[in-house]
Amino acid sequence: MAILAFDMGGSAVKYGIWNNDTLEMTDQFKTPATWDEMKEILKQTYQNLKATFDISGIALSAPGSVDVAKGVIGGISAIEYIHHFPIVEDLESVFGLPVSIDNDANCAALAETWKGVARGESNVLFVVVGTGIGGAVIVDGEIQRGHNLFGGEFGCMILDGKQSFSMLGTAVHMAERYARRLKIPEDSITGAEVFDRAKAGDALAIDEVNNFYDYLSLGLYNLQFTTDPSSIIIGGGVSQNPDLIPAVTTRIQDMLSNAGLESVDVSIKACHFLNDANLVGAVAAFQTQKGAQ
């Protein structure tokens, strides 16, 4: 039996088949403009694949505040039309199969605890560092969604008395600060380019990269003392920067030392599944929600 997984994003919908404990046939299509168009393409994708695979269910990763029990996506996201209606019920009528749904960051966290760098760990924080900062909280093996379904929205934390973790702790905003200091358009340089300039000796870039590492480390240090996880996993493109984990680990160890907390075990890891994390985690969520083996 295979599971067809979809990951809905603002610009593209990724998909893949989970078959024989492996993600296969991964591809994507441009995010449609309407829900009716979305359903038609989802259905066509299923029709194309079911000739080859014995598909037993559909696993969905989506943005927004996902109410798993009700099968409804609350909040707001880059896909405005997926919110505030019984989306799981609607999709089950489209496919004629059981459909699961969970928030995309939760899915990424489930992927890492199921098959990734935190496999077998039951208390984990997953921190997605992209344009902003999101994530997921896992305690005793369970996603902690919270009263408002805002569990894991770490980017909303105020980090310096005024600005949020999202504004201070991402490479995207690091690049914007660097551009402002150079008096060039904010969108004229990427975070990767700032890292490259820092490596080449650009003093201004070095300063902004250090600021980024400082802010990210401060946020992660504070998060460590919320649920005391065995691991904090960093997702997002910046997680693959080889300097990131050593830089933040060193800073966090310094903070622990200054606070007399050297005995606290803090483990910062880069994610394993990268762009496939949401798909793999959607399958993990399906198995939990639908009782699949």
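Author: Two strands count as paired if DSSP finds at least two bridges between them. Keep that in mind as we go through this predicted model.

Reader: What makes β1 and β2 a pair?

Author: The rule asks for at least two bridges, and β1 and β2 share 6 of them in the antiparallel sense, so they pass as a pair. One spot to look at is Ala5, which stands opposite Gly16 in β2. The two strands form a hairpin, with 3 residues between them.

Reader: How do you know that β2 pairs with β3, and what lies between them?

Author: Again at least two bridges are needed; β2 and β3 have 7, in the antiparallel sense, so the pairing holds. Tyr15, for instance, has Asp27 in β3 as its bridge partner. This is a hairpin too, with 2 residues between the strands. Asn20 sits in the turn and has a positive phi of about 55°.

Reader: In what sense do β1 and β4 pair?

Author: Parallel: β1 (residues 2–8) and β4 (residues 55–62) run that way over 6 bridges. Ile3 has Gly57 in β4 as its bridge partner.

Reader: What order do the strands take, and why is one side of β3 and of β7 left without a neighbour?

Author: The order is β3-β2-β1-β4-β7, which makes an open sheet of 5 strands with mixed pairing. β3 (22–30) and β7 (99–103) are at the edges, and each has a single partner strand, so one side of each has no neighbour in the sheet. Direction ignored, neighbouring strands are turned by 20° against each other on average.

Reader: Which strands does helix α2 touch?

Author: Helix α2 (residues 87–95) packs on this sheet and touches β1, β4 and β7. A touch here takes heavy atoms within 4.5 Å. The direction of α2 makes about 145° with that of β7.

Reader: What makes β2 and α3 "mostly covered"?

Author: A residue is buried when its relative accessible area is under 20%. In β2 (residues 12–19), 7 of the 8 residues are buried. In α3 (residues 104–114), the count is 9 of 11, including Cys107, Leu110 and Glu112.

Reader: What happens at the start of α3?

Author: Asn103 has a side-chain oxygen that reaches to within 2.9 Å of the backbone nitrogen of Ala105. A polar contact needs N or O atoms within 3.5 Å.

Reader: On to Ser231: why is it called buried?

Author: The limit is under 20%, and Ser231 has a relative accessible area of 1%, so it is buried. Ser231 belongs to β11, where 5 of the 5 residues are buried.

Reader: Which residues of β11 point one way, and which the other?

Author: Ser231, Ile233 and Gly235 point one way, Ile232 and Ile234 the other, and all of them are buried. In a regular strand, side chains alternate between the two faces of the sheet.

Reader: What joins the side chains of Ser231 and Lys269?

Author: A polar contact of 3.2 Å, and the cut-off is 3.5 Å. Leaving out residues up to four places away in sequence, Ser231 touches Glu121, Asn123, Val124, Leu125, Ser267 and Lys269.

Reader: Which strands does β11 pair with?

Author: β8 is one partner, parallel over 5 bridges, with Val127 opposite Ile234. β12 (residues 268–270) is another, parallel over 3 bridges, with Ile234 opposite Ala270.

Reader: How much space lies in the largest pocket, and which residues are closest to its centre?

Author: About 1,100 Å³. It has 37 lining residues, of which Pro63, Asp104, Ala105, Val128 and Asn278 are the closest to the centre. The elements giving two or more residues to the lining are β1, β2, α3, β8 (124–129), β9 (133–139) and α9 (277–290).

Terms used:
Residues are numbered from 1 along each chain as its sequence is written. This is a predicted model: local features need pLDDT of at least 70, side-chain atom pairs count only at pLDDT 80 or more; totals for chains, interfaces and linings use all residues. Side-chain values use heavy atoms; hydrogens and water are left out. Helices (H or I, at least four residues) and strands (E, at least two) are DSSP runs, numbered from the N terminus. Axes are lines fitted to C-alpha atoms, for helices over the stretch in contact, and angles run from 0 to 180 degrees between N-to-C directions. Buried means under 20% relative accessible area, exposed over 50%, partly exposed in between (1.4 Å probe, protein chains only). A polar contact is a pair of N or O atoms within 3.5 Å; within protein, one must be able to donate a hydrogen and the other to accept it, and residues adjacent in sequence count only if both atoms are side-chain atoms. On a 1 Å grid over the protein atoms alone, a cavity is a set of points where a 1.4 Å probe fits but cannot get out, and a pocket is an open set with protein on both sides within 12 Å along at least five of seven lines; lining residues have an atom within 4 Å of a point. Grid points are joined across faces, edges and corners, and a volume is the space filled by probe spheres set on the points.
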